[in-house]
Number of protein chains: 2
Amino acid sequence: MTTRLVVTLGYDGSGFAGWARQPHLPTVQGALESALQVIDPSIGPVTCAGRTDAGVHARGQVVHVDVPARLWESRGPQRLLAQLNRLTDERIHVHSVAEAPTGFDARFSALSRTYSYRLCDDPAGWDPLFRGWVTMHRRPLDTSLMAVAAEELVGEHDFAAFCRPREGASTIRRIVRTDVHRDGGRRVVVTLEADAFCHSMVRSVVGALAAIGEGRRDPAWMVQLLTAARRDSRVMVMPPHGLVLESVRYPSDDLVGERAVLTRNFRGRSAES
Amino acid sequence: MTTRLVVTLGYDGSGFAGWARQPHLPTVQGALESALQVIDPSIGPVTCAGRTDAGVHARGQVVHVDVPARLWESRGPQRLLAQLNRLTDERIHVHSVAEAPTGFDARFSALSRTYSYRLCDDPAGWDPLFRGWVTMHRRPLDTSLMAVAAEELVGEHDFAAFCRPREGASTIRRIVRTDVHRDGGRRVVVTLEADAFCHSMVRSVVGALAAIGEGRRDPAWMVQLLTAARRDSRVMVMPPHGLVLESVRYPSDDLVGERAVLTRNFRGRSAES
């Protein structure tokens, strides 16, 4: 008998070869699964909502994992949480552990993922304390131009221009919200919320937005890229360390099971999230 | 013929044995002086406004340095700035280089230094991305109690209770401003502005404030500590990595020389800053 748990965590992606377990490489999934297996060797793999790339961070990653029911009953959330934080290194912090609602799947129950990307376009305002999660951008950015272009992304589109192509995988995604603003004057924060993201999609979108913000491209370029719907080498992929998986949105507890079934059936594609 | 330059910089103090040059140890002063000596071997020592301890960071450190007049005339601020940033590692960022006003002394012309200290008192909100400059605090803090206690510090007092004693050095300082607030709900930021600070003073004051914020001590304890005016072992010295030298305030250019003379004469004490 197992109990499904939902675990939320944040991590500094520096030095990790991304979320997904890989042999002989440090990964977040690997670190979390190793910690769980110290607690109970019978605990199996964990499934996450957003498979972050190498060097990408998370503040609100969500995972599910099935653990022996007796373990959950005997330890409870507080002890398990403390154990997980003791067993993972300082780059990972588990925020919460709870019993998952019936039918919950961290990946397939999710309604949307929200990612943010941070750039500093003012060399005089560069803060070495933030260098692990802010990208230095040498040219000044016009955030109002970027916001106009970002607005064009909202809705269902083929994001092939921004995605690393994968055999048989769709590149159609629905962006539900975009935001571009300055944080404390010196940092530009780009936020994107979508049902799911393809591989390298946020970093490519931010690359296109940066070209528009610099004035090298017109905001209308964004529409052209979407319409062309094929990989465009003029779109720069921004470095991973500016990117953070901020949060994952789920339906109410009584609908997570239904949502998981729906998503699983709908995506013949092997969606990157 | 030399020209006095004023250089502003920020740094991640992690891995540095503090500001002040020490043989065989990595220090910020050592790194900056080494970079300057690569540019011109005749450049002498630099003088800073706030001699930060090992592991303490800075956003607005100010230094002065005398360089050959011909070097300044031939390079100018932009080239010198770029060179300094190339020659120092990623933990240091030089924000600006300019000719200093007549009589300027980074240490003695300063009117005040502002330090901030950051604590996270919500384990569920702990962000591994911020672990280099935020201290984890296991118990919840009441910032209104802390603010009341901090207010007691304003004015000229003997801060002996908070200072590591030094032979023949005064522990009298004038605090001009205190602030305690929550930043994004989860981080408590304590800000202190004073003419100067003794060694470990901010970290000890924050230690006392944390005890008050936890409810282990009454805000009136702060007054008792000030009145007693002697080192108190019950005051915890907080770890260095939560501390940042935020800024240094100077009088207008025409008064910096006068201020330097005044401070130099006034302090028979060898003031830590």
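User: Hi! How is chain A divided into domains?

Analyst: Hello! In this predicted model, chain A splits into domain 1, covering 2-100, and domain 2, covering 112-247.

User: And how far apart do the C-alpha centres of those two domains lie?

Analyst: The C-alpha centres of domain 1 and domain 2 of chain A are 28 Å apart.

User: How many residues are in contact between them?

Analyst: On the domain 1 side of chain A there are 14 residues, and they are in contact with ten residues of domain 2 of chain A. The domain 1 side that touches domain 2 divides into four nonpolar, seven polar and three charged residues.

User: Thanks. Switching to the two chains: how many residues of chain B are in contact with chain A?

Analyst: Chain B has 19 residues in contact with 19 residues of chain A. Three strands of chain B, β1 (2-11), β3 (57-68) and β4 (92-99), each supply at least two residues of the side that touches chain A.

User: Which of them gives the most to that side?

Analyst: That would be β4(B), with four residues on the side of chain B that touches chain A.

User: What is that side of chain B like by class?

Analyst: The side of chain B that touches chain A has seven nonpolar, six polar and six charged residues.

User: Now helices. At what angle do α3 and α4 of chain A cross?

Analyst: Two packed helices are described by the angle between their axes and the distance between the axes. In chain A, helix α3 (residues 143-151) and helix α4 (residues 201-213) cross at roughly 135°, and their axes come within 8 Å.

User: Is the crossing of α3(A) and α4(A) left-handed or right-handed?

Analyst: Right-handed: that is how α3(A) passes α4(A).

User: Which residues make the contact?

Analyst: From α3(A) the contact uses A:T143, A:L145, A:M146, A:A149 and A:A150, and from α4(A) it uses A:L209, A:I212 and A:G213. By class, the contact of α3(A) with α4(A) has six nonpolar residues, two polar ones and no charged ones.

User: What about α3 and α4 in chain B, at what angle do they pack?

Analyst: In chain B, helix α3 (residues 143-151) and helix α4 (residues 201-213) pack at an angle of about 135°, with axes 8 Å apart. That angle makes α3(B) oblique to α4(B). The crossing of α3(B) and α4(B) is right-handed.

User: And which residues make the contact there?

Analyst: B:T143, B:L145, B:M146, B:A149 and B:A150 come from α3(B), while B:L209, B:I212 and B:G213 come from α4(B). The class tally for the contact of α3(B) with α4(B) is six nonpolar, two polar and no charged residues.

User: Okay, some single residues. Where is A:G132 found?

Analyst: A:G132 is in the loop between β5 (112-120) and β6 (135-136) of chain A.

User: Buried or exposed, A:G132?

Analyst: A:G132 counts as buried, because it has 20 C-beta neighbours inside 10 Å and the cut-off for buried is 20 or more.

User: What is A:G132 in contact with, leaving aside its neighbours within four places in sequence?

Analyst: A:G132 is in contact with A:D12, A:S14 and A:H241, and also with B:L129 of chain B. A:S14 is 118 residues away from A:G132 along the chain, yet their C-alpha atoms are separated by 7.4 Å.

User: How about another glycine, A:G155: where is that found?

Analyst: A:G155 belongs to strand β7 (residues 155-158) of chain A. A:G155 counts as exposed because it has 11 C-beta neighbours inside 10 Å. Leaving aside its neighbours within four places in sequence, A:G155 is in contact with A:R174 and A:I175. The C-alpha atoms of A:G155 and A:R173, 18 residues apart along the chain, are separated by 8.1 Å.

User: Last topic, backbone angles. Which residue of chain A has a positive phi although it is not a glycine?

Analyst: One is A:S200, with a phi of about 65°. Most residues other than glycine have a negative phi. A:S200 sits in the loop between β9 (187-194) and α4 of chain A, and it counts as partly exposed because it has 19 C-beta neighbours inside 10 Å.

Definitions and conventions. Residues numbered from 1 in each chain as written. Chains lettered and ligands numbered in written order. Predicted model: local features only at pLDDT ≥ 70, side-chain atom pairs only at ≥ 80, totals over all residues. Buried ≥ 20, exposed ≤ 12 C-beta atoms within 10 Å, placed from the backbone. Contact = placed C-beta atoms within 7 Å. Axes fitted to C-alpha atoms, helices over the stretch in contact; angles between N-to-C directions. Left-handed = near helix turned anticlockwise from the far one by under 90°. Nonpolar A, V, L, I, M, F, W, Y, C, P; charged D, E, K, R; others polar. Domains from an automatic or database assignment. Parallel < 35°, antiparallel > 145°, perpendicular 65-115°, else oblique.
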